[in-house]
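Let's take a walk through this one, strand by strand and then into the core. Keep the viewer open as you read.

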Amino acid sequence: MQRQPLEDFALKETNPHLGGMKVTGDRLAATYDLVEQMHYLYARVVKAKDLPGKDVTGSCDPYTEVKLGNYKGTTRHFDKKSNPEWNQVFAFSKERIQASLLEVTVKDKDVVKDDFIGRVWFDLNEIPKRVPPDSPLAPQWYRLEDRKGDKAKGEIMLAVWWGTQADEAFPEAWHSDAATVSGTDGLASIRSKVYLSPKLWYLRVNVIEAQDLQPTDKGRYPEVYVKAILGNQALRTRISQRSINPMWNEDLMFVAAEPFEEHLILSVEDRVAPNKDEVLGRCGIPLQFVDRRLDHRPVNTRWCNLEKHVVVEGEKKKEIKFSSRLHFRICLEGGYHVLDESTHYSSDLRPTAKQLWKPSIGVLEVGILSAQGLMPMKTKDGRGTTDAYAVAKYGQKWVRTRTIIDSFMPKWNEQYTWEVFDPCTVITVGVFDNCHLHGGGEKVGGAKDIRIGKVRIRLSTLEADRVYTHSYPLLVLHNSGVKKMGEIHLAVRFTCSSLLNMMHMYSHPLLPKMHYLHPLTISQLDSLRHQATQIVSMRLSRAEPPLRKEIVEYMLDVGSHMWSMRRSKANFFRIMGVLSSLIGIGRWLNQICNWKNPITTVLIHVLFIILVLYPELILPTIFIYLFLIGIWHYRWRPRHPPHMDTRLSYADSAHPDELDEEFDTFPTSRPFEIVRMRYDRVRSIAGRIQTVVGDLATQGERLQSLLSWRDPRATALFVIFCLVAAIVLYVTPFQVVELLAGLYVLRHPRFRRRVPSVPLNFFRRLPARTDCML
């Protein structure tokens, strides 16, 4: 694969004409001041009255056609109604207008040919201009004219005006650039929408005990466990001791979403055989009546009578109530934040309970301007085409721009706003190709919207009140390697309401305090995050128009926890990048000790002697040094927000087989030979890791053996050395010891030997437990 130049993946600063007006001070004075103004001709068709009958029966089936040049939009039609009400809006982009007259025609729908009822003409030069926040233009009645221009029977109520994308009619309007989209579902899928994630709760079920269980086989003690089911989530306790009054005292954690649609089902089951379980009783708990806990104080326990369902041939024959009971504690945890994103780039860190929310610290405004150079994502009529829309996610609010039909350079110019509660959060913006314009993909296994790329922006890297206008590369990793799918043009501004409050946020814990008072295990967090993403994707896919599952999963990085050789290498090089500064300091000290630059070494000797004689200067010297470094680096501070880095991600040099493994399904779907080769590769890597871990364990065991008398001679030498050192350090001033030790370390190479030092030789001879390893 031919590698693209790195500058093609770079971030580009732009200078768009935002707001369509001049800048006043440091701020742009407009409602839509982070986007370029786009002018539209709006026509609102409200209703008609006294329409003449055109059918044999004397009735009419009216609809309205709004035509401007080659663009034509139609309202829905009504059967046998002479006073129809449509209340539909049509928007024509000024950039594509090729006519000077707007024609509004009322027609009668017929089987063979639609009949003409009447029409109204508007000269574009005479149409008024409306600028929000002006009130909407009031519609007026217009007398219909026949083809000759004479007055005809019937009137139509219309409002026609010039406006911009800031007009409140814009989101719901029919757009001339989407004239080829057919069907109600297709039109709904191209409109811009705002979605809200469902409110998620952690549900904690503490199963304590059961009493008076009645197993079928009275001659044996039951091996009992409790299974809890909530929707698609199922958890179970351990099997308790053999008793009819078993105890567990075990926590089970679920994710629940408002509105609560499912009941929690608790069933007590007996393991009667290795693969056979018998239900001893069930109980259902509606979540609407469950206690909501805001802190760590325990809630009251409750008892629930178990019901036994007798099942005959797959049907519930009857229910027999009996005296078995289940003792448990259940609550909805409002003090946790339900993680549906990775904690490394989460967009919201607030607890579930709104009572625990802190005031907002600012506002995030994002203008989604346009995209350039998009690749063709599908084929239509023998040519490549792309129907692109953008999705942005921050906190619980998702936004979706309208779909621009058949364009590789779509212009959205839509602006959205979010409240910010924590600066250390990330907004994600993705671009997708709409594959549902003509009703396709509704069936199971149908087409899915195709990902074009995404961008993440961390708010803490942005300066307050500054407008960032950049073109971000849209990068997608394929089996063949990383590919640039185009660029997205964004304008971003983070406005801080209180600088003091924002600075104070840096002293707060990242997550709500319940995550630290009663922390969840890593395995629990992984499982709960998976359940949370499934719930969010399912709820948003039921919206109208739906925000589909593949979109939500891509924005939430659902598959980021899967094994990837490329990502493992990238993380290794990240660690090496962090350690490189320490390695650099070590090399510098080695050069000082070896007198590579005598002047520098002499200056270090002088500084060392000063710090030994005046130890109170050590910490001030360190901090003033760090202060000066920070001030020096301020000149080269980053002036642009971060973006996807192909070199950091190791995406530009990954082997094709490593990428094929990364995109493999789980469990694998590859042939046996490839799986075997990859398994052997993982074994070789794991062998190296195993060797490194073993070496670390060996060094630690040698430290332990200093005083363990595993090697009696070595321990005796060390104990005697400790006694002598204690006496010498007691009678010798500590500053003298520091001075002598420092001068010994910094001694001239003429007084050094190339063989290892005595302490290192002694340490390497100490025993470890490797001799006992099989």
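**A hairpin to start from**

Strands β8 and β9 make a hairpin with five residues between them, and G149 in the turn has a positive phi of about 95°. Strands here are DSSP runs of E with at least two residues, and helices are H or I runs of at least four, both numbered from the N terminus. This is a predicted model, where local features need pLDDT of at least 70 and side-chain atom pairs pLDDT 80 or more, while totals for chains, interfaces and linings use all residues. Numbering runs from 1 along each chain as its sequence is written, and side-chain values use heavy atoms, leaving out hydrogens and water.

β8 (residues 140–145) pairs with β9 antiparallel over five bridges; pairing takes at least two DSSP bridges. Look for R143, which sits opposite E155 of β9. β9 also runs antiparallel to β2 (residues 39–49), joined by ten bridges, with Y42 partnering W161 in β9. Of the 14 residues in β9 (151–164), twelve are buried, meaning under 20% relative accessible area with a 1.4 Å probe and only protein chains counted (over 50% is exposed, in between is partly exposed).

Now for the cores. The largest nonpolar core holds 67 residues, and Y202, W398 and I488 are among those with the most contacts inside it. A core here is a set of buried Ala, Val, Leu, Ile, Met, Phe, Trp, Tyr and Cys residues joined through side-chain atoms within 4.5 Å. Another core, of 29 residues including W201 and V268, lies apart from it.
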